[in-house]
Amino acid sequence: MPLSFNHIFDAAFTLLAPQDCAVCGGNVSRLADGVVCGGCWTAYRTFRETFYLACDRCGRWRLTPTGIDGTPHRLPNCDQCADAPFERARSCGPYRDGLRRALLALKRRPTVPEPLRELVFETWRAVPELHAAEIVVPVPLAGRRRRERGYNQTECLAGIIAEASGAPLVTEALARVVETRPHRAGMDDRAREQSLENAFQTIRPRLVAGKRVLLVDDVFTSGATVRIATTALLVAGAAGVSVFTAGRTLRDGG
Ligand SMILES: [Zn+2]
Ligand SMILES: [Zn+2]
């Protein structure tokens with residue numbers, strides 16, 4: 001294989017700024033892989049193949065053997081999303097291993113590693129229902145947190161879909177007026193949802209009125225954040241909201 005600029009660049013990178021993989025501790029040999037080595041990205045993809053979307057509506061992942069013909073099934077609807085305000089939700093895969101590490105790193109540096117970019121693009125491409133969106137809206141950070149971080153990591157992910165779909169990235173539609181800590185221990189789903197009520201305001205409703213929206217967040221945990229944000233968009237007149245998150249936590253053994 002001829003040496004390309006990238007190979008030379010990566011060789012220099014491993015020599016000058018060696019980095020340990022955030023999952024296995026081995027060497028990250030490509031700058032484009034971010035904080036996770038190529039082997040761990042491959043392992044994540046392989047692991048992800050053992051899952052299928054249990055719910056066609058909310059996209060809840062379940063660890064399940066593949067069907068008798070060896071292909072993954074989809075079940076129609078789970079019993080947990082009947083009252084969800086969004087039309088559907090999808091994620092690239094379970095929030096763990098390489099994906100989790102890459103998303104945590106994205107909060108420290110606004111660069112999306114190539115394997116994560118590919119996962120986002122492939123997942124979006126595989127769900128034709130998501131392609132009807134007319135605008136792509138990232139879940140915003142509250143003003144103070146955004147100022148501290150200097151950017152919103154969710155915008156980095158939403159930008160990939162906006163670019164692929166040609167739908168504009170709209171960052172000024174929704175504002176987060178209350179910063180909460182949604183992962184506080186001991187909080188159940190209902191308490192989380194209550195703590196988030198009124199957390200979002202549509203500051204420019206005309207940007208979403210009558211539009212089909214794809215709402216993007218980094219992780220779907222209880223779903224409280226995207227439910228509340230979806231409701232705010234619908235109140236502002238959005239014609240419909242679908243949700244895309246990079247990761248999704250595994251719950252209830254599923
Ligand atoms: Zn690794
Ligand atoms: Zn469901």
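Q: Two residues are in contact if their C-beta atoms, placed from the backbone, lie within 7 Å. Which residues in H2 meet Asp-97, Gly-98 and Leu-99 in H3?
A: Cys-40, Trp-41, Tyr-44 and Phe-47 do. One caution: this is a predicted model, where local features need pLDDT of at least 70 and side-chain atom pairs count only at pLDDT 80 or more, while totals for chains, interfaces and linings use all residues. Residues are numbered from 1 along each chain as its sequence is written, with chains lettered from A and ligands numbered from 1 in the order in which they are written.

Q: Where are those two helices, and at what angle do they cross?
A: H2 covers residues 38–48 and H3 covers residues 97–106; their axes come within 7 Å and cross at roughly 120 degrees. The axes are lines fitted to C-alpha atoms, for helices over the stretch in contact, and angles run from 0 to 180 degrees between N-to-C directions.

Q: How many helices and strands are there in the protein chain?
A: Eight helices and eight strands. Both are DSSP runs numbered from the N terminus: H or I with at least four residues for helices, E with at least two for strands.

Q: OK, new topic: what's the strand order in the open sheet?
A: The order is E3-E8-E7-E4, with parallel pairing across the four strands. E3 and E4 (135–138) are the edge strands; each has a single partner, so one side of each has no neighbour in the sheet. From one strand to the next, the twist averages 20 degrees.

Q: How many bridges join E7 to E8?
A: Eight, with E7 spanning residues 212–220. E3 (residues 89–94) pairs with E8 over five bridges. Pairing takes at least two DSSP bridges between the strands.

Q: And which residue in E8 is the bridge partner of Ser-91?
A: That's Thr-245. Thr-245 is also the partner of Asp-217, while Arg-90 has Phe-244 as its partner in E8.

Q: What lies across the strands?
A: H3 lies across E3, E7 and E8, at about 105 degrees to E8. H8 also packs on the sheet, touching E3, E7 and E8, and its direction makes about 160 degrees with that of E7.

Q: Last one: how many residues of E8 are buried?
A: Eight of the nine, in a strand that runs over residues 240–248. Buried means 20 or more other C-beta atoms within 10 Å of a residue's own (12 or fewer is exposed, in between is partly exposed), with C-beta atoms placed from the backbone. Across the protein chain, buried residues make up 39% of the 254 residues.
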